[in-house]
Amino acid sequence: MSPAPSIHGDVAAGFGPVADAFRRNFTAHGEIGAAVAVYAGDQPLVDLWAGHRDRDRAVPWERDTIVPVFSSSKGMSAFTLAVAVSRGLLDYEAPVAQYWPEFGAHGKERVTVRQLIDHQAGLSGLDRVVKLGELADRDALAEILAAQKPAWTPGTRHGYHALTLGLYQSELLRRVDPAGRSLGRFFAEEIARPVEADLFIGLPASEPMERVAVLSATKGLDILRYELADVPLRIGAEVYAKRGYSYAALTNPRPGAPARAARREFLEIEWPGMNGVGNARALARVYGAAAGRTGALPITDKVLDLLAAADTAADVPADDLVLHTKSRYHLGFRKSRGSFRFGSDKRAYGTTGLGGSFGFADPATGVGFGYSMNRLGMAILDDVRSRHLREAVMRCATR
């Protein structure tokens, strides 16, 4: 057991068990620095942070500390498209090529917006190697994305578009937004600003790097102590062998080592769904605004009903060709199903991030949840630290 750090922040009456679970993550599960937040609509119920921003435990985690949340930012990207749908700029059931004609190349003319954002388009990998610096040339990148051949017949299977999805979403949004904004700028202006969410897709030069926590990979004896059951052996084997869906999906564009992602040259790139940097409070505020329907998000009730739909065509989890586990996606979010459950019922939706970060909305209780940390766990979906926190939240919110 590790010593418990000082826990900072506040919890509402009745949510003390969340603080207890947060503390146990440090004493029993190797947490270095982390934050957890819960909002009922726009009202904070839990806002806690503790630990350190670095592995040496020399620099404390502060209230305003931010950290890369990786694919937890996919939920923020999904919300931006929900805004576009709310304004009549997009239709989930329309072909992507209706808005982006070049996308229809190589048999993609019938791929719908829904199929694309639900990881069914077969575009989880790119044949052409793309370097990080090339992501800034949006016109050239759009040509590469449109020319990609699907790896499987679109709509028949699904596989996690880990690195590519946000790039497709951003170009699609740029095509339909009257102002031609990129997804990062659209998110900043239409979602983060009104909700006061401290999360960026493309870190502005005005944000000091001293705010950003240093990431720490789990390795050596810590794998045996905390992560052995979560080691993704099949994915690792494909990446090592340099073949298969996992290798194609996780290595291009080349993100580099995850623990090196807390660098300005990585974070300043606008890579939607991949390199968002923020904190638990930001995630909880956005999801809380959606779950509680506060009106802060420019998303109609009709679209929020769609996001929370309990029964969809993909109601049963299916094999994910990239992650080699059963997963279920819905309008750009994950849904609670199978062995990976979150929220109080099947209306809940959210996204997880590499290493363990997580944010979700629970429409049944009207609460939004956010968790961010700097020790990168190895679980594909269900990090034990996140699970203990959200289970404590749901026990408190539903009793």
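Biologist: Is the crossing of helix 2 and helix 11 left-handed or right-handed?
Modeller: Left-handed. Keep in mind that this is a predicted model.

Biologist: Which residues of helix 2 and helix 11 make the contact?
Modeller: Helix 2 brings Gly 75, Met 76 and Phe 79. Helix 11 brings Leu 283, Val 286, Tyr 287 and Ala 290.

Biologist: And how do the residues of that contact divide into nonpolar, polar and charged?
Modeller: Six are nonpolar and one is polar. None is charged.

Biologist: What about the axes: within what distance do they come, and at what angle do they cross?
Modeller: They come within 11 Å and cross at roughly 40°. That covers residues 73–86 for helix 2 and residues 280–291 for helix 11.

Biologist: Why call the two helices oblique to each other?
Modeller: Angles under 35 degrees count as roughly parallel, and 65 to 115 as roughly perpendicular. The crossing is at roughly 40°, so helix 2 and helix 11 are oblique.

Biologist: Which helix gives the most to the lining of the largest cavity?
Modeller: Helix 5, with four residues. Helix 4 (138–147) and helix 5 (165–176) each supply at least two.

Biologist: What classes of residue does that lining have?
Modeller: Five nonpolar, one polar and four charged. The lining includes Arg 138, Glu 171, Arg 174 and Glu 270. Ser 170 is there too, along with Leu 135 and Pro 272 among others.

Methods: Residues numbered from 1 in each chain as written. Predicted model: local features only at pLDDT ≥ 70, side-chain atom pairs only at ≥ 80, totals over all residues. Heavy atoms only, no water. Axes fitted to C-alpha atoms, helices over the stretch in contact; angles between N-to-C directions. Parallel < 35°, antiparallel > 145°, perpendicular 65-115°, else oblique. Left-handed = near helix turned anticlockwise from the far one by under 90°. Contact = heavy atoms within 4.5 Å. Nonpolar A, V, L, I, M, F, W, Y, C, P; charged D, E, K, R; others polar. 1 Å grid on protein atoms, 1.4 Å probe; cavity = no way out; pocket = protein on both sides within 12 Å on 5 of 7 lines; lining within 4 Å.
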